[in-house]
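Please keep the sequence and the structure in view while reading.

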Amino acid sequence: MRKQTKYVAVLSAAALLAMGASMTSFAAGWEKDEAGAWHYYDKDDDMVTNEWKKDGGKWFYLDDDGAMVTDQWVEDDYYVGEDGAMITNGWVKTLADDDDVDSPEDTGEHWYYFNAKGKKITGAKKTIGGKTYHFDEDGKMLSGWQESGDSVYYLGGEDEGWETRNAWRWLEKSGIDDDEDDEVTGVPVLGCSENDDCDDEGWYWFDNSGKLYHKAGMKTIKGKKFMFNDHGQMLYEWVYGNKIKSGSYAQLDSEDLKGVATVGNMMWFQENGDGANNGARYKGWQYISGSEALGKDGDTNWYYFKDGKPKFADKTNGLTDGGEAVYRKKEKISWDGKTGTFCFDQYGKMKTGLQLIEGKTYFFNDDGYMQTGKVSNVEEIDGDSFSYYFNNKNSGKGQGFTGEKDGYLYFMGKRLEADDDYRVFAVNGKQYVVNNKGKLQKTFKKKDLELADGTVAEDVTLSPNKKTYALTATLTEDVALPHIQLDDTDQMIVGLANGDTAILTAEDTEKIKGIDFLTVEAADAKGVNLTGVEKTTTEEAEKE
């Protein structure tokens with residue numbers, strides 16, 4: 001709204017002189033006295049007082065001395081400009097007729113609007129120039145936060161006054177500063193106060209009738225979902241979806257919710273910004289800090305959200321990390337024309353590297369994508385790296401391969417190798433001999449064979465099957481058991497001599513940690529029995 005600083009007059013300042021020239025042309029009408037005041041004389045040559053007179057389509061008022069008044073209130077409801085003409089269809093910023101100004105910083109002025117008949121608008125809403133304004137019983141234009149019954153409006157600054165409609169506004173909440181001191185320029189609404197749980201500033205949505213939306217919970221706006229508290233503030237970032245009241249996003253993702261909130265009832269909304277899309281329930285990837293309510297606020301990671309809810313694992317894989325159960329889940333995701341399979345933990349964080357999921361190993365590169373085929377430099381615990389192979393067929397795609405593949409021997413994807421010479425491994429209940437590159441041997445005559453005690457037996461002859469590579473005459477000792485320990489886990493996964501797979505306890509894992517050539521005998525020397533150990537598959541461990 002373009003309001004004049006003082007008023008919107010029908011005539012310009014120069015028009016007064018022009019008006020004077022026209023008035024003097026009426027000998028029985030207008031007359032200007034020596035003091036410069038205009039008077040009006042009727043046909044009987046009597047001076048008119050306390051009365052309106054029309055001239056040239058405009059109305060002028062004569063006071064009780066008969067002088068035409070200018071720039072002042074008339075009869076409480078009308079206002080005349082500097083040229084004396086009644087203001088019609090226009091704005092005036094002025095003092096109320098009976099206002100006193102106590103402070104030099106306070107002009108005491110307010111905006112008023114006068115209709116086509118020159119009367120000020122009072123106690124009503126009025127659409128002017130396509131915008132809707134509110135006026136109190138004295139005709140003062142209202143501004144700031146205003147409340148009418150259950151409806152709340154924001155009417156802009158003192159020189160604005162119009163409703164916000166079908167739009168977002170970043171605003172200071174009501175109830176702080178001096179809102180309560182002036183009902184014209186803003187009042188506390190919805191019980192807001194300086195000490196409530198809301199943020200001092202926030203995003204607010206006003207519908208097409210100018211009303212603030214202030215119901216706690218989800219709201220669809222222009223096809224997108226947003227979350228609000230019951231003071232109308234849009235909530236963003238991590239929000240505990242089961243406790244939407246007057247709290248800010250800070251209160252709805254705080255340490256107070258630890259032990260109550262789970263990743264399943266946390267949601268994430270975009271941070272606020274200059275657009276309706278910001279703050280919406282999110283779909284896609286975000287690199288953000290974790291939820292404080294889940295104790296992960298100091299850890300920045302990738303998360304994937306669908307309808308504001310993060311993807312996360314809800315089943316343990318049977319391993320622990322520092323005594324805490326490890327959860328993993330893989331999921332195929334499509335976004336922005338891209339597709340990939342990714343791994344998530346119980347907090348929704350995307351995981352990379354070697355992972356155990358439902359009893360199978362998988363590998364996810366630094367960008368999070370599940371890999372297939374040969375992968376080198378796969379890290380296990382303590383930074384040790386190995387070569388792996390992961391299925392690339394649709395059935396079991398991405399799973400670590402166990403057995404013989406293209407002349408190499410694998411256990412859960414890990415390629416089994418001797419240190420320098422040759423070594424016998426037990427896989428799937430059979431024995432195989434491999435060299436230091438992991439290559440399976442079809443023949444083995446008078447070669448050096450590595451032993452569990454670190455020595456080498458010379459001129460050893462073994463009898464591998466030329467088609468299956470499995471030894472036809474098995475050894476009773478010095479047979480290596482394949483084993484894996486994933487990074488950041490407490491337990492070792494061991495392939496037993498009978499072909500079963502076992503997850504050792506954290507205590508047993510610690511006892512045999514560091515043994516490269518792991519055998520039944522070497523484990524037994526450390527107090528770990530790998531012959532009497534019950535078969536403990538990763539699937540069974542998940543159920544425990």
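The sections below move from the whole chain to its sheets, salt bridges, cores and cavities.

## Basis of the report

The structure is a predicted model, in which local features need pLDDT of at least 70 and side-chain atom pairs count only at pLDDT 80 or more, while totals for chains, interfaces and linings use all residues. Residues are numbered from 1 along each chain as its sequence is written, and side-chain values use heavy atoms, with hydrogens and water left out.

## The chain as a whole

The chain contains four helices and 41 strands. Both kinds of element are DSSP runs, numbered from the N terminus: helices are H or I runs of at least four residues, and strands are E runs of at least two.

Of the 544 residues, 48% count as buried. Here buried means under 20% relative accessible area, exposed means over 50%, and partly exposed lies in between, with a 1.4 Å probe and protein chains only. Among contacts between residues at least 6 apart in sequence, 49% join residues at least 24 apart; a contact means heavy atoms within 4.5 Å.

## Two open sheets

Strands of a sheet pair through backbone hydrogen bonds, either parallel or antiparallel. In this report, two strands pair if DSSP finds at least two bridges between them.

Strand β16 (residues 224-228) is joined to β17 by two bridges in the antiparallel sense, and Phe228 stands opposite Met234 in β17.

Another open sheet of three strands has the order β39-β40-β41, also with antiparallel pairing. Strands β39 (483-484) and β41 (501-503) stand at the edges with a single partner strand each, so one side of each has no neighbour in the sheet. Strand β40 (residues 493-495) runs antiparallel to β41, and three bridges join them. Gly495 has Thr501 in β41 as its bridge partner.

## Salt bridges

How many salt bridges are there? The count comes to 15, where a salt bridge is a side-chain nitrogen of Lys or Arg within 4 Å of a carboxyl oxygen of Asp or Glu. One of them joins Lys93 and Asp159, with an N to O distance of 2.9 Å. Lys93 lies in strand β7 (residues 90-95) and Asp159 in the loop between β12 (151-154) and β13 (167-172), so this pair ties together parts that are 66 residues apart in sequence. Lys93 is buried at 16% relative accessibility, whereas Asp159 is partly exposed at 43%.

In another salt bridge, between Glu163 and Arg165, the closest N and O atoms are 2.7 Å apart. Glu163 is buried at 5% relative accessibility, and Arg165 is partly exposed at 37%. Arg423 and Asp419 also meet in a salt bridge, at 3.4 Å from N to O. Salt bridges that share partners join Asp419, Arg423, Glu450 and Asp516 into one network.

## Nonpolar cores

In soluble globular proteins, nonpolar side chains tend to be buried together. A nonpolar core is a set of buried Ala, Val, Leu, Ile, Met, Phe, Trp, Tyr and Cys residues joined through side-chain atoms within 4.5 Å. The largest has 26 residues, and those with the most contacts inside it are Leu354, Leu409, Phe425, Tyr432, Ile484 and Leu486. Among the strands that each supply at least two residues of this core are β28 (353-357), β30 (373-379) and β36 (430-435). A second, separate core of 23 residues includes Leu462, Met492, Ala502 and Ala522.

Strand β36 also holds Lys430, which is partly exposed at 44% relative accessibility. Not counting residues up to four places away in sequence, Lys430 touches Phe425 and Ala470.

## Cavities

A search of the whole structure finds two cavities of 30 Å³ or more. On a 1 Å grid over the protein atoms alone, a cavity is a set of points where a 1.4 Å probe fits but cannot get out, and lining residues have an atom within 4 Å of a point. Grid points are joined across faces, edges and corners, and a volume is the space filled by probe spheres set on the points.

The largest cavity holds about 80 Å³ of space. Its lining includes Lys93 and Asp159, and strand β8 (residues 109-114) gives the largest share of that lining, three residues.

Methods:
1 Å grid on protein atoms, 1.4 Å probe; cavity = no way out; pocket = protein on both sides within 12 Å on 5 of 7 lines; lining within 4 Å.
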